[in-house]
Amino acid sequence: MRLLLIGDIVGRGGRRAVMALAPVLRAELGCSLVAVNGENMAGGNGMNRKCLAELSGVVDVVTSGDHVWDQRDFVADVAAFSHVLRPANLPPMQPGRGWGVFAGPDGTEVAVISLLGRTFMAAGADCPFRTADAILKELAGRTRLILVDMHAEATSEKTALARYLDGRVTAVLGTHTHVPTADEQIFHGGTAFQCDVGMVGAR
Ligand SMILES: [Fe+2]
């Protein structure tokens, strides 16, 4: 069983790279599900219908973060995209949803959760720890494959969340800083972790 999370796609160059390479990686690695963080895919800020249409059929799930609403139309458009997640710990009156159970082409069901950090971030999110607890309670018995995108600035906050969820989710993978970290590991409880998986786009 392999799951692929591609870090923040930035602009047109990032989208072109993902369109060209994600299908190759999916086939080469035998991935059951391909998720991407798409919050920088529209010119570096947010996402929109056009960008999501380009990646349709290439990726199964799109996660996000603090820039999710940077393209104003997307507040109204998000409801049209059932595979797009806004951070689950944004206030509940905001549109969209923050987690879901998705199936890739081979039919394997995988839960994907999008969470936003609070340390050194200005988005006004609720506690990601309590939000994760609540989602896992709802997910109980549905699938044991659970991928968490922890979109946050501080390595300490990402590490703390991953330790907190160790043994309860498949992987906690960080996004947002655009800098990949060389700390990939599997904790004692079996949860895979990397502080940040980096970005896709031009430098
Ligand atoms: Fe971000």
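A residue is called buried when its relative accessible area is under 20%, exposed when it is over 50%, and partly exposed in between, with a 1.4 Å probe and only protein chains considered. The structure described with these words is a predicted model, in which local features need pLDDT of at least 70 and side-chain atom pairs count only at pLDDT 80 or more, while totals for chains, interfaces and linings use all residues. Residues are numbered from 1 along each chain as its sequence is written, and side-chain values use heavy atoms, with hydrogens and water left out.

The chain as a whole comes first. Its fold contains five helices and eleven strands, where helices (H or I, at least four residues) and strands (E, at least two) are DSSP runs numbered from the N terminus. The C-alpha trace spans about 40 × 40 × 30 Å along its principal axes. For 203 residues a compact globule would have a radius of gyration near 17 Å, and the 15 Å of this chain agrees with that; the radius is taken over C-alpha atoms, and the globule rule is 2.2 Å times the number of residues to the power 0.38. Of the 203 residues, 52% are buried. Among contacts (heavy atoms within 4.5 Å) with a separation of 6 or more, 62% are between residues 24 or more positions apart.

The interior can be followed through its nonpolar cores, each a set of buried Ala, Val, Leu, Ile, Met, Phe, Trp, Tyr and Cys residues joined through side-chain atoms within 4.5 Å. The largest has 49 residues, and Val 18, Ile 113, Leu 139, Val 148 and Val 172 touch the most other members. Apart from this core lies another, of eleven residues, which include Val 61, Leu 85, Val 110 and Ala 171. Beyond its neighbours within four places in sequence, Ile 113 is in contact with residues including Leu 85, Trp 99, Leu 139 and Val 148.

Two loop residues also lie inside. Val 58, in the loop between helix H2 (49–54) and strand S4 (61–63), is buried, with a relative accessible area of 13%, and, residues up to four places away in sequence not being counted, touches Val 18, Met 19, Ala 22, Pro 23, Arg 26 and Val 34. Asn 40, in the loop between strand S3 (33–37) and H2, is buried at a relative accessible area of 4%.

Charged residues bring in a further kind of link. Side chains of opposite charge can pair when their charged atoms come close. A salt bridge here is a side-chain nitrogen of Lys or Arg within 4 Å of a carboxyl oxygen of Asp or Glu, and by this rule the count comes to six. In one of them Glu 54 pairs with Arg 15, the closest N and O atoms being 2.7 Å apart; because Glu 54 lies in helix H2 and Arg 15 in helix H1, the pair ties together parts that are 39 residues apart in sequence. Glu 54 is partly exposed, with a relative accessible area of 27%, whereas Arg 15 counts as buried at 3%. Glu 54 also forms a salt bridge with Lys 50, with closest N and O atoms 3.8 Å apart, and Lys 50 is exposed, with a relative accessible area of 52%.
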